[in-house]
Amino acid sequence: MRVLTLLGCLLLVSGCQNLGVNPWEREVLAREAMIPGVADGLDDAFDDHIYFSKEGSSGGRGFGGGGCGCN
Amino acid sequence: MAGETRLTRTSDGWLGRFTAMASPCEVQLRDVSRSTAEQVLKRVAGEAWRVEQRFSRYRDDNIVAALQRANGEWLAVDEEFERLLAYADTCWQLSGGRFDVTSGVLRRVWRFDGSDRVPSADQVAALLPLIGWDRVERRPGQIRLPAGMELDLGGIGKEYAVDRALLLAREHTDADLLLNFGGDLVADGKTPWQIGIENLQQNGVAGQIPLARGAVATSGDSRRFLLRDGKRYSHILDPRTGWPVQGGPHSVTVAAARCTEAGMLATLALLQGAGAEPFLRAQGVRYWCLWE
Amino acid sequence: MQLKKRYQPGPVSTSLALATCALLGVPAMAEEADKWQVDGSMLLYSETDRVSAIEPVIKASRTFKNESKLDLKLTVDSLTGSSHNGAAVTNGPQTFTSPSGNKVYQINAGDVPLDDSFLDTRVALSGQYSWLLNRTLRATSGINFSNEYDFFSVGANAGLNWDLNQRNTTLSFLLGLESDTIEPVGGVPEALSLQPDQLRTDSSESRTVTDVLLGWTQVMNRRWIMQLNYNLSLASGYMTDPYKVVTLTDGAGTALESESLGGVDIGIGDAQIFEQRPDSRTRHALYWENRYSRENDDVIAIGYRFMTDDWGINSHTLDMKYRWQLDRGWFLQPHVRYYIQSEADFWYESMTAPEYTTVLASNDYASGDYRLGKLTDLTVGLKVGRELPSGRKWDARLEFMQQSGDTDAADVSAVIGQVGYRFYW
């Protein structure tokens, strides 16, 4: 099931040649509020830490913050 | 390709002068030592001459000439040239085809020397098959021009040299700088420079604006035109028809963050003909038009 | 002819400005290239009757002329208060030992058992450096350290980001390795043993976590960007919480006595056993985020994460934000987060004596930690902030989180407050 999802994603990526914009049309996307991981960067880091210590899940958004003894 | 540079003192710094791209060029600096001024002048002049040598259509030893000789074959291009081509492509798209670096061949029939020698419709029509950026083929690191076509980067070259020279000058100093290549200029610093705008007439004298950071470029030339049967033919040619753009100002000056941008906006405005001013207003930039 | 604000850039001049920067090979935000971007921020977290935390963070970032980037971050995290120790809510009093084993405390009938002596200060440091390998390939690598009095973590990561389709598609591959050392106060307890017996080894434990992240970011159109990440996390080593216990009951809600099972007697209802978790954990997470900007510059952000692991936990997270862009740089951002998780295979609210015998005989896994049980979380909050002309900005947010699950132990309410300020230096 997971292998299928991965394959599906790869097929989607290769079929994405016609998706997207020209370089000079990126003014909206260049705003910080539109960049995943940067838009609410510090909030996300705090939240990831809170929910890592209050729940049984973690991960998905990226890593590199360091572990803690809270779970 | 080297030439002569001259450095003289000014009341608050230095003035360096040289000739490049058939224009008198200047570098002004404030509050630096003579040796720094010399270094900066050497770098700026060197870059101006380098860009001229590489991209001028008047030379036979550069990539532009090689393209003309390539006769329809694929030719390898380096990264800088590729970026210029990408830029030319962007401008072609943004102008709806009015800005076209392949339109230089029209020079063969249009000579704007103030006379009345206007080409015939047949002469112009004969050149149209050799014009069209969409006929140029590009691959990463390569370009192919159909035989008979040529590239003219004159519409980008001088302003590009100004911006490049500023980036290089900044490797030597943080001081206030003003680079002026024949009217296309960029200022970068804290205290404003007084910039003369030839299209800003105040009591018959060219007006001045203070500029601390930013660029000013002028496109068009009120002295280059043809006059026949009372009709004035401006030297701004529409590559889609081969004939001059009608109803527009004789020259446009634009202020923008960088010289390349300012120059291109001025050129794009001229290519709009009668729609030049609405176009410039819509872009939200400072501009000055000369109409007579 | 409509009046426009002076020098509001038009479509062509904006596009041309970007194209010019591409031509000259300079980053679009050249003004900030020579400065450190410093973000200072403080989190205040407070649960009703339980844990409180205060966490100041300072982060400094710098982009260099060759477009390489350095991020440095310092976090200090101070916790106080009490937290659930894994035991069940019973209809009689219960007795526990403190984490160090030196003291004994009692809980009244019907109360959620909370361990009162929870004090911890953590310091964490991290550095991340990224650089261009060529015009479309960016490498990144970083290290991080975290230290508390009973826990030490060191980690490193490395990855690649590959731009395709004129940078409309970015594929990411990241690898992370983390090594944790746990030195529980009082020593490592013997798993599944009775807490009153205080069977400890005077040692430390460790574990390693390996993370792999495959990411795909795609520009859909001028206003819409999407990201899809797959994260595989493999942990192995000591995963047990050395301070948590599972209550042995008679099956009818009354805690058993440790002495009836051959253990030491320290009080009423003291049959609490130290938990044991598997020594490996494989987690898969799929994260999908969408960001859409409206014509008026408002931004809608919706994120969904699905996680599943080999402990039997599956979870769904839905995170939605709407950024309401106002005049002169002000913005308001309401936020809703909904989370639901299923229980781990070895989660027990409490255990009977026969169950205990079976689990002990096969050295099986058991935990009463409510965070591994069925859980539903709802967080609602609002963030307000302002972007100032020179790139500086400040923001503040206030959120309320409500947790609930199958047991009273999981009923947690918390208030989250955060303030932040960004400046350039």
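Is Asn363(C) buried or exposed? With 9 C-beta neighbours inside 10 Å, Asn363(C) counts as exposed; the cut-offs are 20 or more other C-beta atoms within 10 Å of a residue's own for buried, 12 or fewer for exposed, and partly exposed in between, with C-beta atoms placed from the backbone. This is a predicted model, in which local features need pLDDT of at least 70 and side-chain atom pairs count only at pLDDT 80 or more, while totals for chains, interfaces and linings use all residues. Residues are numbered from 1 along each chain as its sequence is written, and chains are lettered from A and ligands numbered from 1 in the order in which they are written.

**Confidence in chain B**

- Chain B has a mean pLDDT of 88, with 96% of its residues at 70 or more; pLDDT is the predictor's confidence in each residue, from 0 to 100.
- Within chain B, confidence is highest in strand β7 (residues 177-181), at 94, and lowest in strand β9 (residues 193-202), at a mean of 74.

- Eight strands make an open sheet in the order β1-β2-β3-β7-β8-β11-β14-β15 (chain B), with antiparallel pairing. Strands here are DSSP runs of E, at least two residues, and helices are runs of H or I, at least four residues, numbered from the N terminus; two strands pair if DSSP finds at least two bridges between them.
- At the edges sit β1 (5-10) and β15 (286-290) of chain B, each pairing on one side only.
- From one strand to the next, the twist averages 10 degrees.
- Helix α1 (residues 34-55) of chain B lies across β1, β2 (13-20), β3 and β7 of chain B, at about 20 degrees to β2(B). Axes are lines fitted to C-alpha atoms, for helices over the stretch in contact, and angles run from 0 to 180 degrees between N-to-C directions.

**Cys25(B), inside that sheet**

- Look for Cys25(B) in strand β3 (residues 23-30) of chain B. Cys25(B) counts as buried because it has 26 C-beta neighbours inside 10 Å.
- β3(B) pairs with β7(B) in the antiparallel sense over five bridges, and Phe181(B) in β7(B) is the bridge partner of Cys25(B).
- Leaving aside neighbours within four places in sequence, the contacts of Cys25(B) include Arg17(B), Phe18(B), Ala48(B), Asn180(B) and Gly182(B). Contact takes C-beta atoms, placed from the backbone, within 7 Å.
- Thr5(B) is 20 residues away from Cys25(B) in sequence, and their C-alpha atoms are 9.7 Å apart.

**Nonpolar cores**

- The largest nonpolar core holds 85 residues, of which Leu179(B), Leu185(B), Val254(B), Ala262(B) and Leu265(B) touch the most other members. Such a core is a set of buried Ala, Val, Leu, Ile, Met, Phe, Trp, Tyr and Cys residues joined through C-beta atoms within 7 Å.
- Helix α6 (residues 259-271) of chain B gives this core its largest share, nine residues.
- Domain 1 (5-57 + 161-184) and domain 2 (63-152 + 218-290) of chain B both contribute residues, so the core lies between them. The domain bounds come from an automatic or database domain assignment.
- Not counting residues up to four places away in sequence, Ala262(B) touches Glu159(B), Ala215(B), Val216(B), Ala217(B), Val254(B), Ala255(B) and Ala256(B).
- Another core, of 21 residues, lies apart from the largest one and has Ala88(C), Ala255(C), Leu256(C) and Met351(C) among its members.

**Chain A and its contact with chain C**

- Chain A has two helices and zero strands, and 46% of its 71 residues are buried.
- The contact takes 41 residues from chain A and 78 residues from chain C.
- On the side of chain A that touches chain C, α1 (2-14) and α2 (41-54) of chain A each supply at least two residues. α2(A) gives the most, with five.

**Two asparagines with positive phi**

- Asn71(B) has phi near 55 degrees, a positive value in a residue other than glycine. Asn71(B) sits in the loop between α2 (63-69) and β4 (74-76) of chain B and, with 10 C-beta neighbours inside 10 Å, counts as exposed.
- Back to Asn363(C): its phi is positive too, about 50 degrees, although it is not a glycine. Asn363(C) lies in the loop between α2 (353-361) and β23 (375-387) of chain C.

**Around β23(C)**

- Strand β21 (residues 330-341) of chain C runs antiparallel to β23(C), joined by twelve bridges, with Phe331(C) opposite Gly385(C).
- β23(C) also pairs with strand β24 (residues 393-405) of chain C in the antiparallel sense, over 13 bridges; here Leu382(C) stands opposite Leu398(C).

Conventions: Contact = placed C-beta atoms within 7 Å.
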